[in-house]
Amino acid sequence: VGPKLFQYVIKVIVQAVQLLYAMLKVDQPSYILLQNPPGLPAIAVAWIACLFWRSKLIIDWHNYGYTVMSLTHGKNHPLVQIVKWYEKLFGRLSDYNLCVTNAMKEDLWVNCSIKAVTLYDKPASYFKETPLELQHRLYMKLAQDYEPFKPRTESVSSNAERSAFTEMDENGHVVKTRERPALLISSTSWTEDEDFSVLLKALEDYERYVNEGVKLPSVVCVITGSKGPLKDYYNGLINKLHFKHIQICTPWLEAEDYPLLLGSADLGVCLHKSSSGLDLPMKVVDMFGCCLPVCAIYFECLHELVKHNENGLIFRDSSELAEQLKMLFLGFPTLEGKLHNFRKNLRASKQLRWDESWDQTVLPLLEQNE
């Protein structure tokens, strides 16, 4: 009821009361760890709870709430400026600060006088390459509801169980089909910080390359993500496209199927553009956990995660992405070329997992201050 600003203020007050009530009911904690954003009203409430419990407050900076709000309201909106002041104030009142990039660490110190420790996002242990038998089961499951996962041609053996990508014979042996399409995957929350028209334009160019005679595979492009404000808009754009060699699928995935699909894909695409230019896309972290090479759109500190020409490629627009898709999928599915080399480099890198990274970076910080 009432103007938008009034609604927002009431919402913040109600959330603050609910959250403070919940936090004061728990057993006394030694630390309260808070991820920001969202930080309004959570940072202030956690700080008050820490005063009550005589606990220490740790803020884990993944981005800035005010830069996320500026995507909708603009940088100079009064509400954006208030949230910017609020985050700086309560950031300085915290006992410890973690952040996700060295660029953010420097920005927190220079612009906010906040001393932070960089703790890079790392994939959970269940993000890993998917064995072929599991891939086949996942494809067969998805083929029940989604056309792109169904086989394109009839099998030579009538007893074979087939998907678009795999085939199982009567002895239970699974192989990848010879003329299978390339599996391209991207994930999104369908928000303003990801422009999916870039990917759609690149796929139009890819279709044109195939029509011009370039020897490229068909592509199944899977875009995962729950309902978001721009999902209907992009679905409208997708429905207007009429490809012969590309199928686009926006499935709803069960939580346990998402890492299996990442571990089965041939290439990931990331269109996340940081609102602050200082955070890194978690989806790429998860893809790298699955040894999945990535094409990611450029922003300032992306090089801290994606090493161009080593574990993936960085592009700036749709035409550059289209050229990269052509170069990576030329001769597919041969075990040669850059796509294969990127995967080999990811396997060899032996990345730290989340719990290992925490033990190395955060535990010493807490122990020295006990």
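**Packing of rings, helices and strands**

Reply: The structure holds 16 aromatic pairs, a pair being two rings of Phe, Tyr or Trp (its six-membered ring) with centres within 6.5 Å, called stacked if the planes are under 30 degrees apart, edge-to-face if over 60 and tilted otherwise. This is a predicted model, in which local features need pLDDT of at least 70 and side-chain atom pairs count only at pLDDT 80 or more, while totals for chains, interfaces and linings use all residues. Residues are numbered from 1 along each chain as its sequence is written, and side-chain values use heavy atoms, with hydrogens and water left out.

One of the pairs is Y31 with Y96, whose ring centres are 6.3 Å apart and whose planes are at 45°, so the pair is tilted. Because Y31 lies in strand β1 (residues 31-36) and Y96 in strand β3 (residues 96-99), this pair ties together parts that are 65 residues apart in sequence. Strands (E, at least two residues) and helices (H or I, at least four) are DSSP runs, numbered from the N terminus.

Turning to the helices, the axes of α2 (residues 42-53) and α4 (residues 78-93) come within 10 Å and cross at roughly 25°. An axis is a line fitted to C-alpha atoms, for helices over the stretch in contact, and angles run from 0 to 180 degrees between N-to-C directions. The two helices α2 and α4 are therefore roughly parallel to each other (under 35 degrees is roughly parallel, over 145 roughly antiparallel, 65 to 115 roughly perpendicular and the rest oblique). Their contact (heavy atoms within 4.5 Å) is made by A42, I43, A44 and W47 of α2 together with Y86, F90 and L93 of α4. These residues divide into 7 nonpolar, no polar and no charged, where Ala, Val, Leu, Ile, Met, Phe, Trp, Tyr, Cys and Pro count as nonpolar, Asp, Glu, Lys and Arg as charged, and the others, Gly among them, as polar.

Helix α11 (residues 318-329) and helix α12 (residues 337-349) pack at an angle of about 85°, with their axes 5 Å apart, and are therefore roughly perpendicular to each other. Here M327, L328 and F329 in α11 meet K338, L339 and F342 in α12, a contact with 5 nonpolar residues, no polar and 1 charged.

Finally, helix α6 (residues 132-143) lies across strands β5, β6 and β7, running at about 80° to β7.
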